[in-house]
Amino acid sequence: MELCSITGLRGKVSVPGDKSVSHRCVMFGSIAKGDTEVHNFLKGADCLATIRCFRALGIDIEETDSAILIHGKGLRGLTAPSEVLDVGNSGTTIRLISGILSGQSFESNLSGDESLNSRPMKRIIDPLSQMGANISSVLRNGCAPLYITPHSLHGIHYESPVASAQVKSCLLLAGLYAEGETSVSEPTLSRNHTELMLKEFGADIHSTFALDSSRATASIIPGRELCGQKITVPGDISSAAYFIAAGLIVPDSEILIENVGINPTRAGILKVCEDMGGNITLLNERTEGGEKIADILVRTSQLHGITIEGDIIPTLIDEIPIIAVMAATAEGTTLIKDAAELKVKETDRIETITDNLRAMGCDITPTEDGMIIIGGNKLKGAHIHTLLDHRIAMAFSIAALVAEGITKILDSKCVDVSYPEFYDTFEELLAE
Ligand code: S3P
């Protein structure tokens, strides 16, 4: 994909359904009794991998143009897969499904693509093993492929060293099959879609913030059957983030992004944009299925550098590539700290952001847990090495819109992972 600079992005866009929520609809719908009907489901490669896995586990999932229909078979209704479950590029699929599969009476094998098979799985293998699960890394390197054999589970209290919704969700799902209560505490609250949605499905699940510490805890008591639901997935704020940034940094722009999920555990990007001086207005705020939603209006703004650190990091971890692009165009220095998790995403994003922003002429220094960006230099067109990371492809497509000359996004098709229509939506906006 080749892109060049533009001005005057004006119009309305809607972004596809939230990736995290879409995955969970399929998973919880499959182990619920009765039908789950999902509207605005994200048909990106990651969520399609989740559908593929649950079909291989005996669940009938219908896809129509307007909805996904999951014919759930209850907590004990999954059947043994005949082959390795292929999770593709999806960390959410493998980590969450491992919690469910650890509680089954059949064995399973899980594997993904090269990037997925190099990401850390010890973070789920260790606590699942403490619950009694028989789960191992086939190559004994702490990564997928994973092999799970049947074993009874018991509830534990787990103090997670990282704020990770994938770890938390994995253990809560295993907790549905364990004897006694399972609870997970994390250093700061990570996205809580599992807690909100499992509650809607009827699970006995609770979340608390301990008053004497900043840790957040979620706990689940097994025994209740889950019941199929009708769900409309909110627009993905992680996808909206690219248009928010475009509206702020492309001169003479005004973009309205409709129906975006603004769950506070995901909405750190909004605070960062405001703190950087961005002109952002939330319109039509409402709550649907336990999730907050709004339309977001953005207008071109002069941004300035800020420090981003601490508890806000888990609420914007997937948006750091696009935040880095905004920081490169902002006046002054932006410091991103406490974000070492970036190293274990689809790529090492401290490295991929640094390499590509440097190629565009930005003054950026990587650190152990983030980066220092000195903004204000005019960006120059460059060849962007996405290394097949969808968020790098989309973030640098926005950078291209304010860069001098042509920017070439290599392997831009990787946007299919979370936003297959990304470039089409862009063209529509340009046409407006
Ligand atoms: C996700 C959790 C986050 C996020 C990922 C989706 C989820 O990962 O980065 O894109 O759906 O639970 P971690 O749990 O590793 O922080």
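Q: How many aromatic pairs does the structure hold?
A: The structure holds 8 aromatic pairs, where rings of Phe, Tyr and Trp (its six-membered ring) pair if their centres lie within 6.5 Å, with planes under 30 degrees apart counted as stacked, over 60 as edge-to-face and the rest as tilted. This is a predicted model, in which local features need pLDDT of at least 70 and side-chain atom pairs count only at pLDDT 80 or more, while totals for chains, interfaces and linings use all residues. Residues are numbered from 1 along each chain as its sequence is written, and side-chain values use heavy atoms, with hydrogens and water left out.

Q: How are the rings of Y242 and F422 paired, and why?
A: Their centres are 5.9 Å apart and their planes stand at 80°, so the pair is edge-to-face. Y242 sits in helix α7 and F422 in helix α12 (residues 422–431), 180 residues apart, so the pair links distant parts of the chain; helices here are DSSP runs of H or I with at least four residues, strands are runs of E with at least two, and both are numbered from the N terminus.

Q: Are Y242 and F422 buried or exposed?
A: Both Y242 and F422 are buried, where buried means under 20% relative accessible area, exposed over 50% and partly exposed in between, with a 1.4 Å probe and protein chains only.

Q: Switching to the backbone, where is the cis peptide bond?
A: A cis peptide bond joins A144 and P145, with omega at about 0°, and P145 lies in the loop between β8 (134–137) and β9 (146–149).
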